[in-house]
Amino acid sequence: MFIPCAIKSSIEAQFQDAYTHAKFREVQAQFRGKANCITRLKNSALGYSIYEVGEQVSSLIFNKFAVTYDSVAAEVKCQCLLFESRGILCRHALSVLSFEQVSQVSPRYILEQWSKKVKRRHTHIKSSNDEPLMEPRSKRFDQLVFHLQNICEFASESEELTAILHRAYDNVMAEMEALKAKRKGTSSLSHEDANLESVNELQSPPRIRTRGRSKNRLGSKLEKQIANATKKKKTKVLSEINLFDAASAAHSNSSQYQGYVMNYQFRVPAAGDNSLGV
């Protein structure tokens, strides 16, 4: 499925074939804005031309931009620096290309990160019908890729610049890993930052085995009351038995003493016994 071109331009068709639907909409807005631009040639020498592009922003106001075009290198640059900041050719540059009758732009102006054929991770794929719902992570990813590409192109010019970028990369990675580890230990996962790896770390709570029945089960209070009453009753019975045994022992000792006294008082004296003085 293709989004129709806004104008009959071979350059627009080139972007239509190369870019994703979401990015092509942004490029297409610049092609529509080209209708408000008036292009004038200021100077030209050896294939290098300088243009002045006036853009009508209201009925009486025109903004002027200087645009240079190198036909040998097939390079166009505009004073507004839209391509340098967002990676999209501006309407002023497109107006100059149209004035020069250029049918195809250089591949340097078709960035790979927005190409339909580039391989992306599944978390960064953008659908053609959900641009308003595009995840913030995907937007940040596109912005980072664009800026990093510019930095890498600049650093690759010399070994010294490349070494500087390598050192900066190591420092930035260490700082980001430290921040990520700190957040992981002090805060819970948010919906935006949760991924498959963090989800796999979530486990079920450990299972604790219990021994015997629960102490707080239903009816435990009643059982405790019955046990206390039985204990009191048993204690009372034992007390009564001990008291009875003590009384019986005292009665037995008293009977033995009385019998001994009676035997002593009424003993019949034997013959010849003078113990009584008879």
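This is a predicted model: local features need pLDDT of at least 70, side-chain atom pairs count only at pLDDT 80 or more; totals for chains, interfaces and linings use all residues.

Student: How many helices and strands is that, and what percentage of the residues count as buried?

Tutor: The protein chain has eight helices and four strands, and of its 278 residues 22% count as buried. If we take the contacts between residues at least 6 apart in sequence, 46% of them join residues at least 24 apart.

Student: Which residues have the most contacts inside the largest nonpolar core?

Tutor: That core has 32 residues, and the ones with the most contacts inside it are Phe15, Tyr19, Val76, Leu89, Leu97 and Val105. Two or more residues each come from helix H1 (10-18), helix H2 (21-33), strand S2 (48-56), strand S3 (62-70), strand S4 (75-78), helix H3 (82-86) and helix H4 (91-99). The largest share, four residues, is given by H4. As background, nonpolar side chains in soluble globular proteins tend to be buried together.

Student: Let's stay with H4, then. Which of its residues are buried, and what do they pack against?

Tutor: The buried residues of H4 are His92, Ala93, Leu94, Ser95, Val96 and Leu97, and they pack against H1, H2, strand S1 (37-45), S2, S3 and S4. Just after H4, glutamine 101 takes a positive phi of about 60°.

Student: And leucine 89, what is it in contact with?

Tutor: Leaving aside neighbours within four places in sequence, leucine 89 is in contact with Phe15, Gln30, Val76, Leu82, Phe83, Leu94, Leu97, Val105 and Tyr109.

Student: Changing topic: is lysine 23 buried or exposed?

Tutor: Lysine 23, which lies in helix H2, counts as buried because its relative accessibility is 7%, and the cut-off for buried is under 20%. Not counting residues up to four places away in sequence, lysine 23 touches Arg86, Ile88 and Trp114.

Student: What about serine 58, where is that?

Tutor: Serine 58 sits in the loop between S2 and S3, and it counts as partly exposed because its relative accessibility is 30%. Serine 58 and asparagine 36 are 22 residues apart in sequence, and their C-alpha atoms are 9.8 Å apart in space.

Student: Last one: which residues does UniProt list for the SWIM-type domain?

Tutor: UniProt, in an unreviewed entry, lists residues 65-101 for "domain: SWIM-type". Over residues 65-101 the chain is 38% helix and 27% strand, with the end C-alpha atoms 20 Å apart.

Note on methods
Residues are numbered from 1 along each chain as its sequence is written. Side-chain values use heavy atoms; hydrogens and water are left out. UniProt positions are given in the numbering used here, feature names are shortened, and annotations may be inferred rather than shown by experiment. A nonpolar core is a set of buried Ala, Val, Leu, Ile, Met, Phe, Trp, Tyr and Cys residues joined through side-chain atoms within 4.5 Å. Buried means under 20% relative accessible area, exposed over 50%, partly exposed in between (1.4 Å probe, protein chains only). Contact means heavy atoms within 4.5 Å.
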